[in-house]
Structures are given as structure tokens and as C-alpha cells.
Amino acid sequence: MRTKIVAGNWKMNLNRDQSLQLVTDISAEIQNYNLNGKRVMVFPPFINVGYVMDSGNRNYQIEVGAQNLHQAESGAYTGEISASMLTNIGVNTVILGHSERREYFHETDELLKEKVDTALKNGLEVVFCFGEKLDERHSGNHFTVVETQLKKALFHLSSANWEKIILAYEPVWAIGTGMTATPDQAQEMHAFIRKIIANHYSENMANKVSILYGGSVKPDNAAEIFGKPDVDGGLIGGASLKSADFAAIIKAM
Ligand code: PGA
């Protein structure tokens, strides 16, 4: 059985006090809820990762990860954060390849491959994001775009490495727009992703990879999207900043 996951990407939102409040509120919302092996994660901005992680108010079912890392192990890279700095404070999981990093910080597939390697070398698990833009979907190129993104950044990995990879398919046109992919569009792409992994590796391995959907997941559409056979949960942006909404999405899983 694949692990089901709901992950909240807080992006560049919430100061320290607000972060504490949010994790406290989410903890209260799911206090009596048995996750039954499903995973819940939140990804605060770097500066608040350790604080949220160590907060006594946190329900320990909620894992805390980071939104990015630098590909180098250490050195003269002003303003950057390394993998070992993350693991040293207890971080297990890092998001890489988010479309906002690709778009605003010019992160390429080649750079992401390096970042993935650095993360894995340091024992981190990766939530790897990818997805097509609106014009790419309109022109019918969405499958090719997704396949290329995965091949360039991940297909050099060994099958054993893939135990530390969680995929997050996030069509760029659905992120923060309120325009979510239909459950059928998500299912179609997730099944395609599983097929190309099966072709490159094996069916067995493809069936073990958790593939999350991201892009305007809300309490009122989560259950239907998560109900699709190849959708193993979601990466949530906007709705992860409201405890009641995030808790409802967790329960929809
Ligand atoms: P959204 O963001 O839920 O606000 O669309 C998703 C994401 O960027 O991961």
C-alpha cells in the first residue's frame, strides 16, 4: 500500500508567532483523529522550521520539513541553506522543484537534479514538484513536459533512491488560481506518471511511489481528487494556512 500524504506548503507566509499559532490550531483540530499510517507534513519558511518543529504545542503526528536547499554541501553562498543544516535540526523532508522556484528563481531541471542528489546524499526525503504550464496543456504537450521534467531530474536515480522520493504533480495553471484540475485530469496524469516510471524501472516500483496532486486543493474538492486511484494525497498551498481548511483536507484523505 502506498503512503497517503497531505503536505502544507506555507511558502513565504507567517511570522514566528503566526506559525506557532497555526501549528497549534492544526494540532488541536486533528487531536482525536487517528492518521492510521497516513502522513501530515507542514513546510514553514526556513527561519521558522526549527521553531515549529520544537514547539511543545505541536501534535507529533505533524511532520515539519523545509521548502528548499542549496545544492552545495557548504561554502560561500550568501543567503543559502545546506542539506546538513536541515538534517542537523531534525528535518527529514525537503520540497524541491516547486514551480515558483522554477519560475522566479530560474531553477532548471539540471539544477534540480543536483539538488535532489544533495538531498538524498544527506539522507533527506524529497517531495519533488513538477507540472505543465497552461499553454503547454492547451497545446497538448503536457505529457511530454511532465515526462521530460521527471527524466531530467530523477531518472538517473537507483530504485533504492526512489524510496526517498515523493512526487507532487502540480499543473502550474492550477496553483493559487482557484482553477483546480478536475479529478479525472489529475488521475489521467498520475496514471501516466506511474506508467513512465514502470517503463523505466518496474511496475512494482511505480506502484510504491506516492504521487500527490497540488493546485487549488480545498476542503470542498479534496475528497473527490484524493478518491482517484493514482492520487495519494495533496500538496496544499493557500488552504494549508487555515487550520480548519487544512484539517478538513487531512480528514478528506
Ligand atoms: P495552492 O498551492 O494550493 O495555493 O494552489 C499549491 C502549491 O503551490 O503547492
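Select Glu-170 and the ligand: an N or O atom in the Glu-170 side chain sits 2.6 Å from an oxygen atom of the ligand. Keep in mind that this is a predicted model.

Gly-176 places a backbone N or O atom 2.7 Å from an oxygen atom of the ligand. At Gly-237, a backbone N or O atom is 2.8 Å from an oxygen atom of the ligand. How much of the ligand's accessible area does the protein cover? On its own the ligand has 280 Å² of accessible area, and the protein covers 97% of that.

Next, show the residues that surround the ligand. Among them are Lys-11, His-98, Ala-174, Ile-175, Ser-216 and Leu-235. Colour the shell by class.

Lys-11 belongs to the loop between strand S1 (5–9) and H1. Check its backbone: phi of Lys-11 is near 55°, a positive value in a residue other than glycine. Most residues other than glycine have a negative phi. Move on to Leu-14, which lies in the loop between S1 and H1. Leu-14 is not a glycine, yet its phi is positive, at about 80°.

Last stop: the helices. Select H1 (residues 16–29) and H2 (residues 46–54). Two packed helices are described by the angle between their axes and the distance between the axes. Here the axes of H1 and H2 come within 10 Å and cross at roughly 40°. Because of that angle, H1 is oblique to H2. Is the crossing left-handed or right-handed? H1 passes H2 in a right-handed crossing.

Note on methods:
Residues numbered from 1 in each chain as written. Predicted model: local features only at pLDDT ≥ 70, side-chain atom pairs only at ≥ 80, totals over all residues. Heavy atoms only, no water. Near = heavy atom within 4 Å. Polar contact = N/O pair within 3.5 Å; in protein donor to acceptor, adjacent residues only side chain to side chain. Areas by Shrake-Rupley, 256 points an atom, 1.4 Å probe, with all protein chains shown as cover. Axes fitted to C-alpha atoms, helices over the stretch in contact; angles between N-to-C directions. Helix = DSSP H or I, 4+ residues; strand = E, 2+ residues; numbered from the N terminus. Parallel < 35°, antiparallel > 145°, perpendicular 65-115°, else oblique. Left-handed = near helix turned anticlockwise from the far one by under 90°.
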